[in-house]
Amino acid sequence: ATAARGRSGWVPENWLHRTDGVWRIERAFDAAELTVAPGEPVRVMFEESGFVWAVKENGEAGWVPAEVVSVPGKT
């Protein structure tokens with residue numbers, strides 16, 4: 001998606017709504033991606049479209065592919 005001011009990035013499609021030929025996002029969105037190391041603990045806030053919004057112990061936050069996140073004790 002590209003905003004009126006020219007910024008662009010990915011946006012979950014189900015967060016968009018089309019009215020009169022114009023697409024509008026229905027909630028606040030940050031396209032930040034989060035780099036994590038294998039085994040690094042993160043707090044998962046929510047999942048959307050195959051990604052999770054995760055927060056590191058240092059407070060850094062962003063999107064991580066859900067497929068690389070595991071919950072200890074779950075298979």
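Residues are numbered from 1 along each chain as its sequence is written, and side-chain values use heavy atoms, with hydrogens and water left out. Because the model is predicted, local features need pLDDT of at least 70 and side-chain atom pairs count only at pLDDT 80 or more, while totals for chains, interfaces and linings use all residues.

**Exercise 1. Work out the order of strands in the open sheet of 3 strands, and how they pair.**

Step 1. Strands are DSSP runs of E with at least two residues, numbered from the N terminus. Two strands pair if DSSP finds at least two bridges between them.

Step 2. The order is β3-β4-β5, with antiparallel pairing. The edge strands, β3 (42–48) and β5 (61–65), each pair on one side only.

Step 3. On average, neighbouring strands of this sheet are turned by 35 degrees against each other, direction ignored. The axes behind this angle are lines fitted to C-alpha atoms, and angles run from 0 to 180 degrees between N-to-C directions.

Step 4. Between β3 and β4 there are 6 bridges, and F46 stands opposite W53 in β4. Between β4 and β5 there are 5 bridges, and V55 stands opposite A61 in β5.

Step 5. The hairpin of β3 and β4 has 2 residues between the strands. In the hairpin of β4 and β5, 4 residues lie between the strands, and G59 takes a positive phi near 95 degrees.

**Exercise 2. Compare the phi angles and exposure of D20 and S49.**

Step 1. Most residues other than glycine have a negative phi.

Step 2. D20 has a positive phi of about 50 degrees although it is not a glycine. D20 sits in the loop between β1 (16–19) and β2. With a relative accessible area of 78%, D20 is exposed.

Step 3. S49, also not a glycine, has a positive phi of about 55 degrees. S49 is in the loop between β3 and β4, and its relative accessible area of 45% makes it partly exposed.

**Exercise 3. State the volume of the largest pocket and what lines it.**

Step 1. On a 1 Å grid over the protein atoms alone, a pocket is an open set of points where a 1.4 Å probe fits, with protein on both sides within 12 Å along at least five of seven lines; lining residues have an atom within 4 Å of a point. Grid points are joined across faces, edges and corners, and the volume is the space filled by probe spheres set on the points.

Step 2. The space in the largest pocket is about 510 Å³.

Step 3. Its lining has 15 residues, of which A1, T2, A3, R7 and V11 lie nearest the centre. Strand β2 (residues 22–25) gives the largest share of the lining, 3 residues.

Definitions and conventions
Buried < 20%, exposed > 50% of the residue type's maximum accessible area, 1.4 Å probe, protein only.
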